[in-house]
Amino acid sequence: MRVDPELREAAESVLQEGETLSSLIETSVREAIERRRTRGEFIARGLASRDEAKRTGVYFTAKTVHAELGKMLSKASKRMRG
């Protein structure tokens with residue numbers, strides 16, 4: 001793979017012990033692919049939710065959503081601590 005010499009130098013400067021440039025690139029590409037897939041799925045869910053809200057006329061305020069998320073976070077935090 002051809003890359004700008006400065007980019008190669010920067011990548012090599014952050015390699016961890018025992019890590020190769022190839023393994024860094026492979027890991028980076030895999031993570032980028034996963035982020036893009038996740039982002040695509042997130043957008044698809046958002047669009048489906050929007051369409052469902054339009055179809056049903058049922059909408060929720062940001063305040064209601066934030067309150068529900070806060071409850072979920074509180075419950076998860078309690079589970080992790082106890």
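**Note on the predicted model: salt bridges, pocket and nonpolar patch**

1. The whole structure holds 4 salt bridges. The term covers a side-chain nitrogen of Lys or Arg within 4 Å of a carboxyl oxygen of Asp or Glu. This is a predicted model, in which local features need pLDDT of at least 70, side-chain atom pairs count only at pLDDT 80 or more, and totals for chains, interfaces and linings use all residues. Residues are numbered from 1 along each chain as its sequence is written, and side-chain values use heavy atoms, with hydrogens and water left out.

2. Start with helix α1, residues 5-13. Helices here are DSSP runs (H or I, at least four residues; strands are E, at least two), numbered from the N terminus. Arg8 and Glu12 join their side chains in a salt bridge, 3.2 Å from N to O. Both residues sit in α1, 4 residues apart, about one turn of the helix. Arg8 has a relative accessible area of 41%, so Arg8 is partly exposed. Glu12, at 39%, is partly exposed. The cut-offs are under 20% relative accessible area for buried, over 50% for exposed, and in between for partly exposed (1.4 Å probe, protein chains only).

3. Helix α2 spans residues 21-56. Glu26 is partly exposed, with a relative accessible area of 41%. Arg30 is exposed, with 55%.

4. Further along, Glu52 forms a salt bridge with Arg55, and their closest N and O atoms are 2.7 Å apart. The two are 3 residues apart in helix α2, so about one helical turn separates them. Glu52 counts as partly exposed because its relative accessibility is 39%. Arg55 is exposed, with a relative accessible area of 62%.

5. Next, the largest pocket. Its space is about 250 Å³. A pocket is found on a 1 Å grid over the protein atoms alone, as an open set of points with protein on both sides within 12 Å along at least five of seven lines; the probe is 1.4 Å, and lining residues have an atom within 4 Å of a point. The volume is the space filled by probe spheres set on the points, which are joined across faces, edges and corners.

6. Which residues line the largest pocket? They are Met1, Val3, Leu7, Arg8, Ala11, Leu21, Ser22, Leu24, Ile25, Ser28 and Val29. The elements giving two or more residues to this lining are α1 and α2. Helix α2 gives the most, with 6 residues. By type, the lining holds 8 nonpolar, 2 polar and 1 charged. Here Ala, Val, Leu, Ile, Met, Phe, Trp, Tyr, Cys and Pro count as nonpolar, Asp, Glu, Lys and Arg as charged, and the others, Gly among them, as polar.

7. Now the surface. Met1, Val3, Leu7, Ile25, Val29 and Ile33 make a nonpolar patch of about 550 Å². Patch residues have over 30% relative accessible area and no salt bridge; nonpolar side chains (Val, Leu, Ile, Met, Phe, Trp, Tyr) are joined within 5 Å, like charges within 9 Å. Areas come from the Shrake-Rupley method with a 1.4 Å probe. Helix α2 supplies the largest share of the patch, 3 residues. Leu7 belongs to helix α1. Leu7 is exposed because its relative accessibility is 53%. Leu7 is also among the residues lining the largest pocket.

8. Two other positions deserve a look. Arg35 lies in helix α2 and counts as exposed, at 51% relative accessibility. Arg35 and Leu21 are 14 residues apart in sequence, with 21 Å between their C-alpha atoms. Leu69 lies in helix α3, residues 62-81. Leu69 counts as partly exposed, at 47% relative accessibility. From Leu69 to Val14 the C-alpha separation is 37 Å, across 55 residues along the chain.
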